[in-house]
Amino acid sequence: MAIVIVCSLPAALAYMFYLHKSIVRMEKQLRKESLYHLAASFGHEMRQPLTVIRGMLQLIQEEAIDKQQREYIETAMAELERSERMIRDYQLYANPFLGEMEPVLIRAEIQDVLSRMQPLMERNNVETRLQLEYGAVLGERLRLNQCFWNICENAVESMKNGGTLDISVQMKTKRMVVTFSDSGEGMTEEQLKRLGDPYFNLTESKGTGLGMMTACRTVEGMGGRVLITSKKGKGTVVKVMLPSNGPVE
């Protein structure tokens with residue numbers, strides 16, 4: 001006996017739309033998983049030869065007596081450092097947590113990032129306004145520090161003609177909310193959608209476009225999430241929400 005299923009056109013269209021969204025979502029997830037594995041393999045294979053190259057350059061640098069030779073070596077070392085930084089970005093993207101979780105003092109990490117970023121902020125004529133409550137989260141300190149660095153660096157570089165970076169840390173009942181608000185160039189809706197895609201870079205720097213992506217992956221690895229809002233010409237707001245480990249005095 002044949003079974004005939006009869007459904008209305010609106011119901012059929014709705015089901016087709018649901019299937020389409022499910023397929024697109026699965027495709028995106030598969031692409032991400034493939035990129036995770038590729039990034040992990042790439043980083044592992046490339047770090048060893050770069051370490052050898054660095055060692056050789058340091059030995060040559062000790063023997064170099066000519067000023068021009070030293071300049072060549074310094075240039076090579078700077079490019080080597082940039083390559084190693086790219087590899088760290090890829091590895092963070094592939095696996096946001098490799099070490100043990102520990103209590104991380106958010107206020108201290110923000111202050112450390114701003115201290116190290118002071119030369120860049122001075123060049124771009126960027127001022128900071130801080131409202132930092134005390135609090136801690138469970139995470140890997142160095143990676144969370146890098147997460148905050150990536151967000152602040154994006155904000156400062158978006159304010160080429162000067163501006164203000166507001167940073168606040170708020171203790172909620174079960175979470176910490178860290179908000180970065182800049183008065184920079186902002187983004188269009190299309191740019192906002194693409195933010196975090198590999199090699200999509202809003203600035204003219206030599207970045208890989210993975211800075212914000214690794215920041216989001218780090219936060220996700222800690223059980224948190226990142227919300228980004230932006231408007232062209234009006235600046236960008238990045239909210240990092242993390243599970244709280246309680247207040248720390």
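Me: Which residue is the bridge partner of Q170 in β5?

Reply: V177 is the bridge partner of Q170 in β5. Strands here are DSSP runs of E with at least two residues, helices are runs of H or I with at least four, and both are numbered from the N terminus.

Me: Before we go on, what sort of model is this?

Reply: The model is predicted: local features need pLDDT of at least 70, side-chain atom pairs count only at pLDDT 80 or more, and totals for chains, interfaces and linings use all residues. Residues are numbered from 1 along each chain as its sequence is written, and side-chain values use heavy atoms, with hydrogens and water left out.

Me: Back to β4 and β5. Parallel or antiparallel?

Reply: Strand β4 (residues 163–171) pairs with strand β5 (residues 175–182) in the antiparallel sense, over 7 bridges. Two strands pair if DSSP finds at least two bridges between them. β4 and β5 form a hairpin with 3 residues between them, and D166 stands opposite S181 in β5.

Me: And how do β2 and β4 pair?

Reply: In the parallel sense, over 7 bridges. Q131 stands opposite S168 in β4.

Me: What's the strand order of the sheet?

Reply: β2-β4-β5-β7-β6, an open sheet of 5 strands with mixed pairing. β2 (126–132) and β6 are at the edges with a single partner strand each, so one side of each has no neighbour in the sheet. Neighbouring strands are turned by 10° against each other on average, direction ignored; axes are lines fitted to C-alpha atoms, for helices over the stretch in contact, and angles run from 0 to 180 degrees between N-to-C directions.

Me: Which strands does α3 touch?

Reply: α3 packs on the sheet and touches β2, β4, β5 and β7 (235–243), with its direction at about 170° to that of β2. Contact means heavy atoms within 4.5 Å. α5 also packs on the sheet, touching β2, β4, β5 and β7, and its direction makes about 25° with that of β5.

Me: At what angle do α3 and α5 pack?

Reply: About 50°, with the axes of α3 (residues 106–116) and α5 (residues 141–157) 9 Å apart. That makes α3 oblique to α5, where under 35 degrees counts as roughly parallel, over 145 as roughly antiparallel, 65 to 115 as roughly perpendicular and the rest as oblique.

Me: Which residues make that contact?

Reply: On α3 they include I106, E109 and I110, and on α5 they include R141, L144 and F148. The contact divides into 8 nonpolar, 1 polar and 4 charged residues. Ala, Val, Leu, Ile, Met, Phe, Trp, Tyr, Cys and Pro count as nonpolar, Asp, Glu, Lys and Arg as charged, and the others, Gly among them, as polar.

Me: What do the side chains of R141 and E109 form?

Reply: A salt bridge, at 3.4 Å from N to O. R141 lies in α5 and E109 in α3, so the pair ties together parts 32 residues apart in sequence. A salt bridge needs a side-chain nitrogen of Lys or Arg within 4 Å of a carboxyl oxygen of Asp or Glu, and by this rule the count comes to 4.

Me: Last one: how do α5 and α7 cross?

Reply: Their axes come within 9 Å and cross at roughly 140°, with α7 covering residues 211–221. That makes α5 oblique to α7. In the contact, L144 is one of the α5 residues and V219 one of those in α7.
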